[in-house]
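This briefing is meant for a reader who is new to the structure. Please look through the sequence and the model first, and then read the notes grouped by topic.

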Amino acid sequence: MEIIKSIIVTLFVMIFTENIALSRSLGTDTIVAVSKNRKSIFGFSAAVTYMCTAANILVWLVERNFRNAADYRTYQPVFYICILCVLYFVTIMLVWKFMGDRIESIRKYIHFAVFNSAVLGTMLLSSVDCRSLHEYVIYGLGSGLGYSLALYLTASVYDRLNSERVPAAFRGYPLIMIYLGILSMAFFGLSGMPLGTF
């Protein structure tokens, strides 16, 4: 029962208070690009969630075997980029093998997801915060779901942020960045920052 409670709390924290896109601004450029087309939100969200979770499983394997190596922290980003490359090729091959007729529609999501800064950021942050396999998996899953939430919230107001009623200087990318900033402040309020820390 304690493990289930821990999983739920960790997921809540990763989705809302430590949202990878809103608290760390990782992957916001991709959020802007994907939110233009609402049809691609679900596919891209699923791809990012899969990439974050699968990459974190591989990070756990690397951390478990090489954490105590002499120059591990120096080469850690190189290891993680190699993990992403391996995960990319394995995913493309699996999609081609089992969903060959749909590979053209799925491949674009995989490209955007694996080379997204939110996935690499999740890998780097989880290596600091996590120790066991289930922590890595929950961290990756929560990061992917939090990123999906930020993507959905941005796509739901994209048309309003680009309407003719918005002044031309703010229309599009500038107003989306302001909107994401306001969202991140609202989500930061969920963390319950104590008074007197300023």
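Is Tyr 88 buried or exposed? Tyr 88 counts as buried, at 13% relative accessibility, where buried means under 20% relative accessible area, exposed over 50% and partly exposed in between, with a 1.4 Å probe and protein chains only. This is a predicted model, in which local features need pLDDT of at least 70 and side-chain atom pairs count only at pLDDT 80 or more, while totals for chains, interfaces and linings use all residues. Residues are numbered from 1 along each chain as its sequence is written, and side-chain values use heavy atoms, with hydrogens and water left out.

**Aromatic pairs**

- Rings of Phe, Tyr and Trp (its six-membered ring) pair if their centres lie within 6.5 Å, and planes under 30 degrees apart count as stacked, over 60 as edge-to-face and the rest as tilted; by this rule the count comes to eight aromatic pairs.
- Phe 12 and Phe 16 form a tilted pair, with 4.9 Å centre to centre and 45 degrees between the planes.
- Both Phe 12 and Phe 16 lie in helix H1 (residues 2–17), four residues apart, which is about one turn of the helix; helices (H or I, at least four residues) are DSSP runs, numbered from the N terminus.
- Phe 12 is partly exposed at 44% relative accessibility, and Phe 16 is also partly exposed, with a relative accessible area of 28%.
- Tyr 88 and Phe 89 form an edge-to-face pair, with 5.3 Å centre to centre and 65 degrees between the planes.
- Phe 12 and Phe 16 also belong, with Phe 187, to one aromatic cluster.

**Cysteines**

- A search of the whole structure finds zero disulfides, a disulfide being a pair of cysteine sulfur atoms within 2.5 Å.
- Cys 52 is in no disulfide, because the nearest cysteine sulfur, that of Cys 130, is 12 Å away, too far for a bond.
- Cys 52 counts as buried at 1% relative accessibility, and Cys 130 counts as buried at 4%.

**Pockets**

- On a 1 Å grid over the protein atoms alone, a pocket is an open set of points where a 1.4 Å probe fits, with protein on both sides within 12 Å along at least five of seven lines, and lining residues have an atom within 4 Å of a point.
- The largest pocket has a volume of about 320 Å³, a volume being the space filled by probe spheres set on the points, which are joined across faces, edges and corners.
- The largest pocket is lined by 15 residues, and the closest to its centre are Gly 43, Ala 47, Val 95, Ile 106 and Ile 110.
- Helix H3 (41–66), helix H4 (72–98) and helix H5 (103–114) each supply at least two residues of this lining, and H3 gives the most, with six residues.
- The lining of the largest pocket divides into eleven nonpolar, three polar and one charged, where Ala, Val, Leu, Ile, Met, Phe, Trp, Tyr, Cys and Pro count as nonpolar, Asp, Glu, Lys and Arg as charged, and the others, Gly among them, as polar.
- The second largest pocket holds about 180 Å³ of space, and of its 13 lining residues Thr 10, Asp 129, Cys 130, Glu 135 and Tyr 139 lie nearest its centre.
- H1 and helix H7 (133–156) are the elements that give two or more residues to the lining of the second largest pocket, and H1 gives the most, with five residues.
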